[in-house]
Amino acid sequence: EKMPRAFAQTMESPNHTNLDPSVFFLLGIPGLEQFHLWLSLPVCCLGTATIVGNITILVVVVTEPALHKPVYLFLCMLSTIDLAASFSTVPKLLAILWCGAGHISASACLAQMFFIHAFCMMESTVLLAMAFDRYVAICNPLRYATILTDTIIARIGVVAMVRGSMLMLPCPFLIRRLSFCQSHVIPHTYCEHMAVVKLACGDTRPNRVYGLTAALLVIGVDLFCIGLSYVFIAQAVLRLSSHEARSKALGTCGSHVCVILISYTPALFSFFTHRFGHHVPLHIHILLANVYLLFPPALNPIVYGVKTKEIRERVVRVFQRGQGTEFKVSE
């Protein structure tokens with residue numbers, strides 16, 4: 001398979017080769033360089049939607065005492081993680097798409113790699129916690145308030161942070177031991193773990209094994225537990241005698257199911273095509289990886305804002321307050 005011409009030229013360019021071992025160069029999307037400016041438009045839209053949507057969720061939940069419930073506190077954790085993940089990827093991605101500013105120091109590259117993957121692992125943990133929240137609410141509603149106390153919710157938040165950080169912490173150190181004797185050009189839009197590992201000249205088996213193990217521990221274990229919780233939820237719902245009660249119980253899970261599909265579907269596609277889709281074009285790999293990072297943070301607050309009545313009503317009330325204040329000032 002022929003290497004894209006722009007990629008080959010970049011590899012040969014003295015400005016982007018391995019002259020400085022402390023600098024990497026992010027190439028963007030090889031083969032689609034002519035579309036970089038156009039691709040920046042959806043990236044801008046998704047980045048803006050991420051910031052506006054998640055800040056709106058945080059403001060509404062924090063300012064409305066009626067929303068200080070476990071499910072909404074978990075939603076705040078999810079919004080915070082989404083914002084942090086977006087700020088760790090979108091600015092550099094736009095710099096690459098707008099003006100080809102792909103230079104990044106080795107330390108910054110490793111830091112970006114750590115934060116991107118750690119935030120993704122934290123988000124998976126929070127989604128698992130939200131599944132547990134729905135399980136308790138439907139299968140054991142009388143003990144809901146005593147099981148999911150503020151202390152337990154805070155501990156779950158700490159566990160999500162520690163789990164994501166600790167699972168990802170060895171990766172930068174494993175990469176530090178490698179030598180990059182051929183090229184520091186990363187054919188990607190961000191410092192993705194395997195994209196960096198593939199540039200190394202030495203034995204990369206520990207990196208590959210650890211990366212695969214960490215991904216399976218997060219995606220595999222969390223998806224299994226989420227699926228198990230919904231099996232129990234389905235059994236509890238089917239035991240309800242009233243059709244209205246069944247519909248109401250399933251309706252409370254609708255937003256969470258949508259968010260799970262939005263989060264895990266592109267992640268699984270990216271994971272499997274990266275490891276088993278050897279004949280899939282490189283730009284497809286990279287586009288899938290960017291869909292996995294950009295779409296869930298932008299769509300999660302929209303899903304909860306549209307499907308959750310309490311949040312929808314509070315958002316409308318906040319905007320009505322703002323319009324009322326503006327009207328009074330103008331008078």
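**Reading the predicted model**

Q: In this predicted model, what makes helix 2 (residues 36-63) roughly antiparallel to helix 3 (residues 70-99)?
A: The axes of helix 2 (residues 36-63) and helix 3 (residues 70-99) come within 9 Å and cross at roughly 155 degrees. Angles over 145 degrees count as roughly antiparallel, so helix 2 is roughly antiparallel to helix 3. The crossing in which helix 2 passes helix 3 is left-handed.

Q: Why is helix 3 called roughly parallel to helix 6 (residues 150-168)?
A: Helix 3 and helix 6 pack at an angle of about 25 degrees, and their axes are 11 Å apart. An angle under 35 degrees counts as roughly parallel, and therefore helix 3 is roughly parallel to helix 6. Helix 3 contributes Pro70, Leu73, Phe74 and Met77 to the contact, while helix 6 contributes Asp150, Ile153, Ile156 and Gly157. This crossing of helix 3 and helix 6 is right-handed.

Q: How do you know whether helix 6 and helix 9 (residues 205-238) are roughly parallel or roughly antiparallel?
A: The angle at which helix 6 and helix 9 pack is about 155 degrees, with 10 Å between their axes. Since the cut-off for roughly antiparallel is over 145 degrees, helix 6 and helix 9 are roughly antiparallel to each other. On the side of helix 6, Arg163, Met166 and Leu167 meet Tyr210, Ala214, Leu217, Val218 and Asp222 of helix 9.

Q: Why does Ile55 count as partly exposed?
A: Ile55 lies in helix 2 and has a relative accessibility of 41%. Partly exposed residues fall between the buried class, under 20%, and the exposed class, over 50%, so Ile55 counts as partly exposed. The C-alpha atom of Ile55 is 9.1 Å from that of Pro301, although the two residues are 246 residues apart along the chain.

Q: What makes Ser255 buried?
A: Ser255, found in helix 10 (residues 243-276), has a relative accessible area of 4%. Buried means under 20%, and Ser255 is therefore buried. Leaving aside residues up to four places away in sequence, Ser255 touches Val303, Tyr304, Lys307 and Thr308.

Q: How do you know whether Pro30 is buried or exposed?
A: Pro30 lies in the loop between strand 1 (23-26) and helix 2. Its relative accessibility is 2%. Because the limit for buried is under 20%, Pro30 counts as buried. Between Pro30 and Thr189, which are 159 residues apart in sequence, the C-alpha to C-alpha separation is 9.5 Å.

Q: What is the secondary structure of residues 110-132 and 284-304, two of the stretches listed by UniProt as "transmembrane region"?
A: The annotation comes from an unreviewed UniProt entry. In the model, residues 110-132 are 100% helix and 0% strand, with end C-alpha atoms 33 Å apart. Residues 284-304 are likewise 100% helix and 0% strand, and here the end C-alpha atoms are 29 Å apart.

Q: How many helices and strands does the protein have, and what percentage of its residues count as buried?
A: The protein has 12 helices and 3 strands. Of its 331 residues, 46% count as buried. The accessible surface comes to about 17,000 Å², and 69% of that belongs to carbon and sulfur atoms. Among contacts between residues at least 6 apart in sequence, 78% join residues at least 24 apart.

Technical notes:
Residues numbered from 1 in each chain as written. Predicted model: local features only at pLDDT ≥ 70, side-chain atom pairs only at ≥ 80, totals over all residues. Heavy atoms only, no water. UniProt positions renumbered as here; feature names shortened; annotations may be inferred. Helix = DSSP H or I, 4+ residues; strand = E, 2+ residues; numbered from the N terminus. Buried < 20%, exposed > 50% of the residue type's maximum accessible area, 1.4 Å probe, protein only. Contact = heavy atoms within 4.5 Å. Areas by Shrake-Rupley, 256 points an atom, 1.4 Å probe, with all protein chains shown as cover. Axes fitted to C-alpha atoms, helices over the stretch in contact; angles between N-to-C directions. Parallel < 35°, antiparallel > 145°, perpendicular 65-115°, else oblique. Left-handed = near helix turned anticlockwise from the far one by under 90°.
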